[in-house]
Amino acid sequence: MSSEGIATAVLISGSGSNLQAVIDAVARRDLPLDLRLVLSNRAGAFGLERARRAGVAARAELWDRRAGELRGAYDARVLAALRESGAELVLLLGWMHVLPAAIVESFAGVINIHPAYLPEDPAADFVSVPGGPEIPAFRGAHALRDAIAAGVGWAGATCHLVTPAVDRGPVLTREPMRLRPGEGETDALERLHPVEHRVLTEGVARWCASRNAGFSTFSTH
Ligand code: GRF
């Protein structure tokens with residue numbers, strides 16, 4: 001990976017298709033990032049392999065609950081690894097743990113990709129889909145499943161800054177996606193992935209442009 005660009009670490013847990021979108025955008029020079037480290041909270045995540053293939057240091061960093069490791073101790077290990085990487089920017093691309101304020105506030109930016117169309121106003125609990133009705137803002141770990149179960153007919157993707165309030169940081173980019181009648185989570189997720197990849201790369205590009213211009217339009221602290 002290039003030694004130019006904004007030093008970035010990525011936190012994942014699974015297939016890493018969003019990570020791949022970032023790796024590809026960096027290779028195309030569409031994103032000015034220097035990918036320093038990929039951490040997964042799951043062993044064997046395919047995203048780790050994607051990182052290694054791209055020449056990015058990657059490893060699993062697991063919370064050892066069985067051995068009684070306290071959550072605070074795990075968070076401290078994650079923070080130490082991120083700091084050691086020299087990252088200024090941290091991307092949450094499927095990471096399954098809520099980040100404590102101590103981590104969120106340690107970096108110039110922490111950005112998340114979320115599989116739902118969220119409102120511009122982080123305090124709002126409903127969102128208007130373009131030309132459509134107002135639907136609930138689906139936050140949390142099962143946003144797509146919840147949207148399907150609620151029968152609202154819409155899903156989407158949102159790239160936003162992370163704050164200590166989960167899924168309520170300032171929106172960078174977002175895009176709604178109409179669900180098909182009777183569509184299940186697997187099919188919807190397959191169609192949603194390219195939407196996520198587009199929204200993510202555009203959102204990260206906007207944050208980088210703001211950062212490189214020497215001001216922070218998208219600051220959270
Ligand atoms: C994405 O659906 C993202 O919205 C959510 O976790 C998933 C990660 O997918 N936060 P992938 O590992 O990038 O394919």
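Visitor: How far does a polar side-chain atom of Ser17 lie from an oxygen atom of the ligand?

Guide: This is a predicted model, in which local features need pLDDT of at least 70, side-chain atom pairs count only at pLDDT 80 or more, and totals for chains, interfaces and linings use all residues. Residues are numbered from 1 along each chain as its sequence is written, and side-chain values use heavy atoms, with hydrogens and water left out. A polar contact is a pair of N or O atoms within 3.5 Å; within protein, one must be able to donate a hydrogen and the other to accept it, and residues adjacent in sequence count only if both atoms are side-chain atoms. For the polar side-chain atom of Ser17 and the ligand oxygen, the distance is 2.6 Å.

Visitor: Which residue places a backbone N or O atom 3.1 Å from a nitrogen atom of the ligand?

Guide: Gly16 also uses a backbone N or O atom, but that atom lies 2.7 Å from a ligand oxygen. The residue with a backbone atom 3.1 Å from a ligand nitrogen is Ile113.

Visitor: What percentage of the ligand's exposed area does the protein bury?

Guide: Accessible areas come from the Shrake-Rupley method with a 1.4 Å probe; for residues, only the protein chains shown count as cover. Taken alone, the ligand exposes 370 Å². The part of this that the protein buries is 82%.

Visitor: Is His114 buried or exposed?

Guide: Buried means under 20% relative accessible area, exposed over 50%, and partly exposed in between, with a 1.4 Å probe and protein chains only. The side chain of His114 reaches the backbone oxygen of Phe138 at 2.8 Å. Because its relative accessibility is 2%, His114 counts as buried.

Visitor: In β8, which residue is the bridge partner of His114?

Guide: Two strands pair if DSSP finds at least two bridges between them. Strands β5 and β8 (residues 154-161) have four, in the antiparallel sense. The β8 partner of His114 is Thr158.

Visitor: What is the strand order of the open sheet of seven strands?

Guide: The pairing in this sheet is mixed. The order is β3-β2-β1-β4-β5-β8-β9.

Visitor: Which are the edge strands?

Guide: Each edge strand pairs on one side only. They are β3 (57-60) and β9 (171-178).

Visitor: How many of the seven residues of strand β1 are buried?

Guide: Strand β1 spans residues 6-12. Ile6, Thr8, Val10 and Ile12 point one way and Ala7, Ala9 and Leu11 the other, and all are buried.

Visitor: Which helix forms a β-α-β unit with β1 and β2?

Guide: The unit is right-handed: with the strands pointing away from the viewer, the path from the first strand over the helix to the second runs clockwise. Its helix, residues 17-27, is α1.

How values were computed
Helix = DSSP H or I, 4+ residues; strand = E, 2+ residues; numbered from the N terminus.
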